[in-house]
Amino acid sequence: MTAIPPSVEPRTDWKLAEVRALFALPFNDLVYGAQCVHRANFDPNVVQMSTLLSIKTGACPEDCAYCPQSVRYDTGVAPEALMDVETVVATARAARENGATRFCMGAAYRGPKDRQLDTICKMVREVKALGLETCATLGMLTSRQAVCLKQAGLDYYNHNLDSSASFYAKIITTRTYEDRLDTLANVRNAGLNVCCGGIVGMGETRVDRVELLHTLATLEEHPGSVPINQLVQVAGTPLAGTAELDSLEFVRTVAVARILMPRAHVRLSAGRETMSDEMQALCFLAGANSIFFGDKLLTTANPELQRDRRLFERLGIRPEAAAEIEPVVC
Ligand code: SAM
Ligand code: DTB
Ligand code: SF4
């Protein structure tokens, strides 16, 4: 077995060959290694819970082949304008009552206009005042927009690399991998925590998964959160009907992410609705320690609260406490 150091300082100099070698390990060795790394850095029985809200839905000009919100595909998603601040705050309050510690606001934009950003900054201020961590995913940001969000109290910005650079070009033509990296740099330079991961099960090869995780693990700094999404296949999108990824390959992807980025929260993200409890348990064993909690992701289904509560109970998993997040008084 390749030696997997359990508690070294996070490295950003991983070699592609090392990532490839981790993926190629016997499954038990890989999961054992990931579990050792996980235990050296986190309480293995604690999972962080984020809740998502689509604050602006559909009619997106981009052509991401996986996405039900692109205006180019007939997916039945009804477009909705940017929500008002009060509705967002009420939804965030309900998410907090249900145990979420982070509230993530998602918008189907290529990038926000400054006027839209002003409203979103108000949402961020008020959600933060509830004592929740705040996250937003709004598409491309300029450095000035990233600074505005930081000043409004935003904690995390989600911007996924989605896949390897070469596979990316096959699934999105309206922007480049470089555009994604530029926004990530703007976000990091503004002092925001980066949430960045990808989607697997889009018909990419293992080489693409190796390259995606290698790129993430060799960014200037590891993202604080790394969402690993399993493609949610939506009828009408070009990727509907893609052959399902082997579930153990998904678990391997989680395990390799855990080993490469030992202090990141690795999120078992989209796709849980169709995963068995046993598969989710394997992902937690492989080092996943964050989920989206709540019946809906952005436009598609997520497991019902009761199913997740029962699963956590059966596994003896506790939600990460919000204790260290001080409510802000405005
Ligand atoms: N428009 C912004 C952007 O693309 O960055 C923010 C919202 S977008 C819906 C956020 C992320 O959701 C995408 O980067 C992608 O990783 C993920 N996503 C979208 N559709 C998905 C699907 N069908 N299955 C899994 N993940 C998906
Ligand atoms: C992430 O990595 N996954 C979330 C969140 N960040 C924004 C989005 C998943 C979207 C799944 C498809 C939908 O519900 O529209
Ligand atoms: Fe638009 Fe984001 Fe969906 Fe791409 S992933 S179509 S940018 S909402």
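How do the residues of the shell around ligand 3 divide into nonpolar, polar and charged?

Tutor: This is a predicted model, in which local features need pLDDT of at least 70, side-chain atom pairs count only at pLDDT 80 or more, and totals for chains, interfaces and linings use all residues. Residues are numbered from 1 along each chain as its sequence is written, chains are lettered from A and ligands numbered from 1 in the order in which they are written, and side-chain values use heavy atoms, without hydrogens and water.

The shell of ligand 3 comprises six nonpolar residues, one polar and two charged (Ala, Val, Leu, Ile, Met, Phe, Trp, Tyr, Cys and Pro count as nonpolar, Asp, Glu, Lys and Arg as charged, the others, Gly among them, as polar). Its members are Cys60, Glu62, Cys64, Tyr66, Cys67, Ser70, Ala108, Tyr109 and Arg175, each with a heavy atom within 4 Å of the ligand. Ligand 3 sits in the largest cavity, a set of points on a 1 Å grid over the protein atoms alone where a 1.4 Å probe fits but cannot get out; to sit there, more than half of a molecule's atoms must lie within 2 Å of the grid points.

Ligand 1 also sits in the largest cavity. Its shell holds eight nonpolar, six polar and two charged residues. Tyr66, listed around ligand 3, has a polar backbone atom 3.0 Å from a nitrogen atom of ligand 1, and Tyr109 places a backbone N or O atom 3.1 Å from a nitrogen atom of ligand 1.

Terms used:
Polar contact = N/O pair within 3.5 Å; in protein donor to acceptor, adjacent residues only side chain to side chain. 1 Å grid on protein atoms, 1.4 Å probe; cavity = no way out; pocket = protein on both sides within 12 Å on 5 of 7 lines; lining within 4 Å.
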